[in-house]
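Subject: Structure handover, cavity search

Hello,

Please look it over when you have time.

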Amino acid sequence: MGKKIRVLIAKPGLDGHDRGARVIAQALRDAGMEVVYTGLRRTPEQVVSAALQEDVDVIGLSSLSGAHIGLFSRVAELLMEKKRTDILLLGGGIIPDKDREVLMAKGFDGIFTPGTTMKEIVTFIEENRGTAK
Amino acid sequence: MNKPDLLAQGIQAGDEQALARGLSVVENREEGWEALLERLYPESRRGFVLGVTGPPGGGKSTLVKRLVEEFRKEGVTVGVLAVDPTSPFSGGALLGDRTRMMDLAGKEGVFIRSMASRGALGGLNPGINDAVLLMEAFGSEVVIIETVGVGQAEIAITEVADMVVVVLVPGQGDEVQALKGGLLEIADLFVINKSDRGGAEELEIHLQWAVAGHEARLGRRPPIVKTAAIKGEGLGELCAGLREHRQRAAETALDEERSRRRADLALRAHLEERIGAAFLTPLLAAEEWHEAIERIARREISPGKSARRLLRKNFPDVWRCTRED
Amino acid sequence: MTDQERERLMESVRRWQESVSAGHGAAAKAETSYGHEVSPLYTPLDGVEDYHRELGFPGEAPYTRGVQQTMYRGRLWTMRQYAGFASAEESNRRYRYLLEQGQTGLSVAFDLPTQVGYDSDHVMARGEVGRVGVAIDSLADMELLFDEIPLDKVSTSMTINAPAAVLLAMYIAVAEKQGIGPEKLRGTIQNDILKEYFARGTYIFPPVPSLRLITDTISYCSRNLARWNTISISGYHIREAGANAVQEVAFTLANAVTYVQAAVAQGQDIDEFGPRLSFFFNAQMNLLEEVAKFRAARRLWSRLMTELGAKDPRSLRLRFHTQTAGAALTAQQPLNNIARVTIQALAAALGGTQSLHTNSYDEALALPCEESVRIALRTQQVLGHETGITATSDPLGGSYYVESLTNDIEQRALDYLDKIKKMGGVVRAIEEGYVQREIQQSAYRVQKRIEGEDSIVVGVNRFKTDEEAPKNLLEVDPEMENRQRNKLAAVKRERDEAMVKECLGVLQEAAEGSANLMPPIIEAVRAYATLGEICGVLRETFGEYEAPTF
């Protein structure tokens with residue numbers, strides 16, 4: 001029984017566009033990972049609590065509403081509080097470069113914007129999980 | 001202290017993160033998994049293990065969520081193992097049951113864990129037994145295992161349970177199929193969920209007939225409860241049904257029977273796993289395995305004969321025991 | 001075509017095909033958005049068989065060629081740019097700017113807390129206030145939003161669904177303060193909850209009470225707002241969620257049928273509300289397929305409404321708004337999006353749209369800036385005034401390829417409708433996750449095709465260039481959220497609290513019974529009860545929807 005990469009895909013906030021999140025979840029599944037999907041409208045607290053109970057290696061957050069700075073940062077802070085910066089933390093959405101820098105400084109390991117391929121994300125996870133901070 | 005001891009101590013102290021990690025350790029058979037189980041086994045209390053299964057689309061996750069809320073009202077701590085099928089193509093899995101239970105996340109006294117069925121040989125995730133044990137050690141008084149009841153493998157998982165609730169919904173047209181598939185045999189209680197939909201009465205009558213027809217054979221007559229989990233209707237009756245079953249089980253030695261069955265299953269799972277690891281796994285990686293496959297594929301040798309040859313060569317003692325003559 | 005002519009043509013086609021394969025071998029494969037292989041040549045064999053039955057005339061059933069007799073010769077489509085951000089004051093400024101630039105209708109975007117019925121001070125609203133649209137907590141915000149805009153002179157479209165009744169009530173109340181009666185109001189509320197459950201995500205209540213809210217608004221408007229479009233049944237978001245053209249048509253019309261049946265079940269006359277139903281579609285990149293899609297949707301709707309018992313020809317007309325596809329915009333080389341939007345807008349115009357929103361080129365990066373919004377509007381004006389496509393109705397009618405695609409899309413959509421009917425209706429299909437799965441499979445397929453370079457997206461998987469990060473992106477002031485909360489607190493301080501309580505009590509009673517909910521909602525709104533409070537009462541009575549998983 002080999003270790004499978006476990007990933008939590010989460011939609012924090014009120015954004016209801018989950019096409020990207022669902023497509024990525026399916027792509028990760030097809031790459032042999034076990035993917036927990038949270039569904040819509042989650043608070044950062046719920047996301048982190050689920051990630052810890054599920055003992056995931058990776059958290060992928062998606063928001064297209066422009067609320068990413070506040071919501072994503074809060075997830076990073078909560079992981080810091082729980083001393084779980086070993087979890088690979090990724091974000092996706094319409095995220096300008098300036099915000100990307102802010103989020104990377106807060107502890108994100110990767111930010112993916114429109115046009116990123118599923119393959120790139122799979123590869124990124126395979127190469128970087130477990131090596132975070 | 002070494003890692004298994006630390007984890008065990010954390011789990012027994014009610015540390016969520018220790019339980020989360022421990023579940024991964026036993027599920028992945030990571031280093032120290034056996035030590036962890038050994039350390040926890042003698043000290044863990046026996047919890048009430050409730051299996052919830054049924055065809056897809058029955059609203060099982062919502063029902064489980066409502067049940068958890070009911071248990072919590074009474075101060076009972078609950079662990080949930082939500083099992084989803086592993087993709088036979090990629091080995092990955094989409095674990096979606098948690099979606100319905102997200103507002104339970106972070107609530108005190110509730111621990112939810114999604115598991116993939118990962119059925120390599122035969123379908124049963126051998127980790128499920130051990131996961132239950134860990135949750136019991138953590139202090140969960142009730143452990144709910146939620147599975148999709150579509151095949152034998154999923155049904156087998158509920159054999160771990162002290163009680164099995166089968167969830168059906170009206171109008172899906174597959175309930176008859178589901179009963180034929182073995183759900184009738186394992187049910188201790190039927191739930192007709194989404195009973196506010198048309199067709200609930202017909203399904204109830206159909207079920208009553210099926211249950212009555214099998215009463216003599218099964219030696220019991222599982223009750224039928226109607227719910228509408230989204231609206232929270234029928235939960236009182238369902239909880240009463242669970243209580244009754246527990247009481248009767250305690251009075252009639254059904255409990256002991258179930259404990260023995262669970263022990264039997266656990267022992268078998270561990271044995272099969274070890275036999276597999278000791279005999280099969282090295283063979284699967286060997287050159288002669290691939291050669292045999294090539295030859296069978298070319299129809300140069302039958303699979304049975306090939307298996308006998310492999311046995312004779314690698315495990316002559318076993319071969320001698322299984323010889324037909 | 002006589003049998004003899006048909007024979008001869010079939011023979012010629014065979015001969016031609018043979019000579020092609022002898023000469024060049026098989027051509028590269030091409031397919032539609034829904035995976036149907038496109039033939040390299042279409043002929044009269046693939047076209048129209050019965051002109052009257054399949055096409056008819058503009059303004060006549062089955063409306064394949066358009067819903068108005070003179071189409072754009074009579075009047076151009078309404079140019080309506082969706083806008084709204086941050087505060088009511090800022091959005092008001094943008095609306096007045098757009099009206100000055102020659103826009104002919106308003107289109108209001110609300111922020112997410114408003115769309116899911118939370119006030120700006122709710123915990124779930126954190127970080128979302130004023131992001132994707134304007135924040136509306138109470139009538140006070142609505143008054144600012146339409147300040148100095150005469151509501152009897154503009155038509156206003158509001159993209160609002162679960163709490164549509166509340167926002168419409170606020171609009172009526174603002175008009176009242178401007179001295180304008182409800183009968184003079186023109187506009188649209190989206191009010192299309194079903195697609196929220198599987199494509200857009202801003203649902204609140206479960207389907208049954210949601211449908212009641214919709215039929216209540218439809219019934220109220222039939223009596224009081226005769227010029228108001230009570231629902232805009234939207235395929236736009238279904239397409240954005242990843243559906244193909246057939247699914248867009250099929251699921252939209254499946255939803256529409258459900259609304260009609262619900263209203264009829266409530267005792268309303270189909271020909272009373274039928275003419276006020278309107279639709280909203282997407283315009284994607286495949287130009288001819290999209291034109292065919294619009295034509296197929298019109299013909300199918302005309303037939304479905306006839307089957308549902310409509311007699312008034314106006315009930316059979318599928319009138320629709322179009323927005324160009326947000327999902328087709330690329331963050332790479334964003335100026336290329338101007339070309340994309342032009343082609344999509346062309347598809348909408350050739351497809352006979354009644355109104356149009358063109359996306360701004362920078363929307364894959366951020367909220368659109370003033371310049372990009374102006375270019376988007378100018379694109380429509382160029383199409384409408386410089387190209388000559390407006391001179392005649394349904395200019396592509398009769399194209400063998402377009403007619404063949406129209407037939408194909410209609411047939412496949414009909415197959416979906418039958419399947420959904422067999423499942424017990426669209427609500428059931430949503431609850432079982434069927435619709436979601438179908439869309440997700442299409443979305444996944446599109447993504448895989450792009451990654452496998454079976455589909456080319458310029459600047460994304462081909463013709464890439466190194467580019468600098470774009471500048472001058474519009475940002476929402478982070479202090480906006482606090483200001484909005486303060487405004488809300490002030491409204492709550494100044495209003496008559498006893499009055500609010502009473503109104504909410506009356507609303508709750510109505511919700512528990514079966515009376516039309518519009519009058520008590522209007523009363524509550526007038527008393528400055530907040531959106532969150534009103535939806536709170538309804539949440540308590542109706543419960544909240546829980547989405548199925550994969």
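A cavity here is a set of points, on a 1 Å grid over the protein atoms alone, where a 1.4 Å probe fits but cannot get out; lining residues have an atom within 4 Å of a point. Grid points are joined across faces, edges and corners, and a volume is the space filled by probe spheres set on the points.

This is a predicted model, in which local features need pLDDT of at least 70 and side-chain atom pairs count only at pLDDT 80 or more, while totals for chains, interfaces and linings use all residues. Residues are numbered from 1 along each chain as its sequence is written, chains are lettered from A and ligands numbered from 1 in the order in which they are written, and side-chain values use heavy atoms, with hydrogens and water left out.

The whole structure holds nine cavities of 30 Å³ or more.

Largest cavity: the volume is about 260 Å³. Its lining has 25 residues, and A:Asp18, A:Arg22, C:Tyr197, C:Phe198 and C:Gln436 are the closest to the centre. At least two lining residues each come from α1 (19-30) of chain A and from α8 (194-200) and α18 (434-451) of chain C (helices are DSSP runs of H or I, at least four residues, numbered from the N terminus). The most, five residues, come from α8(C).

Second largest cavity: the volume is about 80 Å³. Of its 16 lining residues, C:Met71, C:Ala349, C:Gly352, C:Ser393 and C:Asp394 are the closest to the centre. α3(C) gives the most to this lining, with three residues.

Regards

Note on methods: On a 1 Å grid over the protein atoms alone, a cavity is a set of points where a 1.4 Å probe fits but cannot get out, and a pocket is an open set with protein on both sides within 12 Å along at least five of seven lines; lining residues have an atom within 4 Å of a point.
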